[in-house]
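This report walks through one protein model, from overall confidence to the packing of its helices. Please keep the structure in view while reading.

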Amino acid sequence: MAHTQFTEEFKIEAVKQITERGYSVAEVSERLGVSTHSLYAWKKRYGKPNSEIKATDAQAAEIRRLKQELARVTEERDILKKQRRTSQRMPTSRRCKHHLPVNE
């Protein structure tokens, strides 16, 4: 079976027949010679208004950016935690006399 490439304009018009004109997916599929699977995928992609698609893309980009920032901040926090744990221990030569164990 040959793999046919459809233009974006064709896909949008096919989706409009379903979303705006009220035709069923099966009916449009049969009339245009496109699989119902393709029409459902196109409907998912092109069925939203253009501004909504752009908003969704912008939200996805913001989420990606925030996840990267969270990973960076978490790594910095972990580094600082490790530094704090090791620096709390003073070398024995620098301890005060009253902190040294008493030999009886």
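Confidence comes first: in this predicted model, the mean pLDDT of the protein is 83. A score of at least 70 is reached by 77% of the residues. Among the elements, helix 2 (residues 25-32) has the highest mean pLDDT, at 95. Helix 4 (residues 50-87) has the lowest, at 86.

The fold is helical. The protein has four helices and zero strands. Along the sequence the pattern reads α-α-α-α. Of the 104 residues, 12% count as buried. Among contacts with a separation of 6 or more, 42% join residues 24 or more positions apart.

**The core**

The largest nonpolar core holds nine residues: Ala14, Val15, Ile18, Val25, Val28, Val34, Leu39, Trp42 and Tyr46. Three helices each supply at least two residues of this core: helix 1 (8-19), helix 2 and helix 3 (36-46).

Val15 is a core member and sits in helix 1. Is Val15 buried or exposed? Val15 counts as buried because its relative accessible area is 2%, below the 20% cut-off. Beyond its neighbours within four places in sequence, Val15 is in contact with Trp42, Lys43, Tyr46 and Gly47. Val15 and Tyr46 lie 31 residues apart in sequence, yet their C-alpha atoms are 6.8 Å apart in space.

**Helix 2 against helix 3**

How do helix 2 and helix 3 cross? The crossing is right-handed. Their axes come within 9 Å and cross at roughly 115°. Helix 2 contributes Val25, Ala26, Val28 and Ser29 to the contact, and helix 3 contributes Thr36, Leu39 and Tyr40. By class, the contact has five nonpolar residues, two polar residues and no charged residues.

Two residues of helix 2 show this contact in detail. Val25 touches Ile18, Thr36, Leu39 and Tyr40, leaving out residues up to four places away in sequence. Of these, Thr36, Leu39 and Tyr40 are on the helix 3 side of the contact.

Ser29 counts as buried because its relative accessibility is 11%, under the 20% limit. Not counting residues up to four places away, Ser29 touches Val34, Ser35, Thr36 and Leu39.

| Residue | Contacts |
|---|---|
| Val15 | Trp42, Lys43, Tyr46, Gly47 |
| Val25 | Ile18, Thr36, Leu39, Tyr40 |
| Ser29 | Val34, Ser35, Thr36, Leu39 |

Leu39 is listed for Val25 and for Ser29.

How values were computed
Residues numbered from 1 in each chain as written. Predicted model: local features only at pLDDT ≥ 70, side-chain atom pairs only at ≥ 80, totals over all residues. Heavy atoms only, no water. pLDDT = per-residue confidence, 0-100. Core = buried A, V, L, I, M, F, W, Y, C linked by side-chain atoms within 4.5 Å. Buried < 20%, exposed > 50% of the residue type's maximum accessible area, 1.4 Å probe, protein only. Contact = heavy atoms within 4.5 Å. Axes fitted to C-alpha atoms, helices over the stretch in contact; angles between N-to-C directions. Left-handed = near helix turned anticlockwise from the far one by under 90°. Nonpolar A, V, L, I, M, F, W, Y, C, P; charged D, E, K, R; others polar.
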